[in-house]
Amino acid sequence: MTSDNTLDDEDTFKILIATDIHLGYLEKDAIRGNDTFTTFDEILKCAKEKQVDFILLGGDLFHENKPSRRCLYSCISLLRKYCMGDTPILFDVLSDQAVNFSTSKFPWVNYQDENINISIPVFSVHGNHDDPTGADGLCALDILSSAGLINHFGRSQSVERIEISPVLLQKGKTKLALYGIGSIPDERLYRMFVNNQVTMLRPKEDQDLWFNLFTIHQNRSKHGATNYIPEQFLDDFLNLVVWGHEHECLIEPRRNEQQLFYVTQPGSSVATSLSPGEAAKKHIGLLRIKGRKMNMEKIPLNTVRQFFIQDLVLAEHPDLFSPDMPKVNQKVEAFCQEKVEAMLEEAERERIGCPLTPEKPLIRLRVDYSGGFEAFNATRFSQRFVEQVANPKDVIHFIRQKEYKAKVEEDNVDFGQLMSQSTTEGLRVEDLVKEYFKTAEKTMQLSLLTEQGMGKAVQEFVDKEEKDAIEELIRYQLEKTQRHLQQRGVMTEEEIDQEIRSFRETKKGTAEEEDEVQEAFKRAKAHRLERDDLPDDLDLSDGSDFTMDIDEDSTPAPPPRGRGRGSRGGRGRGQTTARRGRVAAEPKPAGRGRSQKASVVNTSQSRNIMDAFQAAPQRSSRGSVPAKSYNDEVIGSPYLVLCSRASSSSSSSRQGSQSQSQAFKGVTFDDDDDEVRVSCEIAGIRLL
């Protein structure tokens, strides 16, 4: 085994690679609330101990688009603790930093700022959880960037064309071109790649001497026709691709035989769903680059909570129990208890000798009770393990495959393959909605909304908990269709039906359809901001949901003056700002007719997707808002040698068959959640 000292010299880049840290995930949970912060502390501590040149993050540093004060405080504290210091930086930036960091008010790398001392620079792209939003297009990474704690790169502001300009770094004789692109809706980016609207710029001089490293945060596995980014779309001059967004840890570089570059997928550092892909051991990577050679060292994370998952098909154990057996439920329950206890014993054995590993593991037993069996009380069963597991509310989960097959026959929709266990792992609600309306009977087709718009609205509801996304999409499209009908002057019912169908078909697959969806989401966010504008003394710390009693006929009260926190944050010594302490809020839709003095009532159940549909016709209409081929490959010493290849144009990288990989995508919600079935049922609403 070669020691680190023989690998590291003045020509070797040492880069710590991590993705999908999801700071703040379940931060209000009594057991798991500190998990993400503890693991982030371990990652940064490892970077300091390994004396890396810089840290590269592949997106989703935060779990929420608007992280809590506690989450921001913990992140800033950890970055200051490990990344600030007097240790000299041994590499130089050769590219035009005004281009690399054009969206920042401080367009240079943070370690070159004479006002702060940085010992470990952090370079990061944004992910889909912490993407820029709002009128100013800001995200949490921009806050850290303006504070000089990270370098936010790879951000594109254009929706028509993307030019990816690399950050050119040099250490000794090694030249590194660092490319990056933050999260963009997969369908849009897919379309831009197909239309040759994505360009990766290269240095003019000595192109064959640069090691090209690319960081991307998109779907890697295929979940729809255009709902992913095939590896073949990427340029073939790349040497290594760091792929974020996918949570399954596949950190060992794998070669793409068509494009001849390598792909590493570090995965997430926390389990955000109880699905098989999250059960793999979590790692980060220490990447060494010297010239055009690279070496990836896997570093296991010791502070990650253990996660064990098993599937149990009752029909596969006829020797133990059958549906007509007396007291079969008690026998099945006892058998499930044995399975859970076995997983707990395995977790305890693995935890011995690892004091940093949390004491209580995550346990999930998925029970398929098809074949005439009945489900027992899962809540009562889970209570037996309250003191032993970190997820006492959902230790066991029942699934019944025959229910899916029966529904397929009833609706004449072929979900057999979609809902099978082999393909459900990376399934998204959006795909189910599209598939449903693609194969449903004519009487169940949408008459007003498009399948793509409905799918995105449901996905927004599920992924980002944007509770008003569906309602706002319905309302916005209804208003727009009504205006269109008025302009056309149609009168009879048949003319109205024909005009609505024609109006709907002309928008499908166009930029207008995408604009309508985004406009509806803006309205939903504005609605959420109104609800979030509550008094500071309102205690919602228990995490319970609440509803507001809305008086439709009341006149909106004037907004609060904003006195207090943040009103003077813009004054700083040595510089002036155009705005003092106030950030221009997004324009709110007119005509809401909401009372600012809304009463708050605690409820025992969360608002579900059906509420969004039921609430739509009950409110008055809102006003509109303005709108390569290698030579001989050598694996020598600890390095994988990337020999020089013949030059080729970037357009050739997009030729050849597209990858049809069905690899698991762990970033989605648990594949067994009832939301998948519920979304299919409620999406069949017919609106006229």
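Modeller: Let me begin with burial: a residue is buried under 20% relative accessible area, exposed over 50% and partly exposed in between, with a 1.4 Å probe and protein chains only. On that scale Cys 336, at 0% relative accessibility, counts as buried. The model is a predicted one, in which local features need pLDDT of at least 70 and side-chain atom pairs count only at pLDDT 80 or more, although totals for chains, interfaces and linings use all residues. Residues are numbered from 1 along each chain as its sequence is written, and side-chain values use heavy atoms, with hydrogens and water left out.

To come to the charged pairs, the structure holds 18 salt bridges, each defined as a side-chain nitrogen of Lys or Arg within 4 Å of a carboxyl oxygen of Asp or Glu. One of them joins Arg 288 to Asp 8, with N to O at 2.8 Å. This pair connects distant parts of the chain, since Arg 288 belongs to strand 14 (residues 283-290) while Asp 8 sits in the loop between helix 1 (4-7) and strand 1 (12-18), 280 residues apart. The elements named here are DSSP runs numbered from the N terminus, helices being H or I of at least four residues and strands E of at least two. Within the pair, Arg 288 is buried, at 1% relative accessibility, whereas Asp 8 is partly exposed, with a relative accessible area of 22%. The contact also belongs to a network of salt bridges that links Asp 8, Lys 14, Lys 50, Arg 288 and Glu 297.

A further salt bridge is that of Arg 384 with Glu 333, whose closest N and O atoms are 2.4 Å apart. Arg 384 lies in the loop between helix 8 (378-382) and strand 18 (396-399), and Glu 333 in helix 7 (residues 328-351), so the pair ties together parts that are 51 residues apart in sequence. Here Arg 384 is partly exposed at 38% relative accessibility, while Glu 333, at 9%, is buried. In the salt bridge between Arg 255 and Glu 257 the closest N and O atoms are 3.7 Å apart; Arg 255 is partly exposed at 27% relative accessibility, and Glu 257 is exposed, with a relative accessible area of 60%.

An open sheet of seven strands, with mixed pairing, has the order 3-7-8-10-11-13-12. Strand 3 (92-93) and strand 12 (250-255) stand at its edges, each with a single partner strand, so one side of each has no neighbour in the sheet. Within this sheet, strand 7 (residues 167-171) and strand 8 (residues 174-181) run antiparallel and are joined by five bridges, with Leu 169 standing opposite Leu 176 in strand 8.

Strand 16 and strand 17 (residues 362-368) run parallel and are joined by seven bridges, and the bridge partner of Asp 311 in strand 17 is Arg 366.

Among the helices, helix 6 (residues 186-194) has seven of its nine residues buried, so it is largely enclosed by the rest of the structure. Helix 6 is followed by Asn 196, whose phi is positive, near 55°.

The cysteines complete the account: a search of the whole structure finds zero disulfides, a disulfide being a pair of cysteine sulfur atoms within 2.5 Å. Cys 83 is accordingly in no disulfide, and the nearest cysteine sulfur, that of Cys 75, is 9.4 Å away. Cys 83 is buried as well, with a relative accessible area of 1%.

Definitions and conventions:
Pairing = 2+ DSSP bridges.
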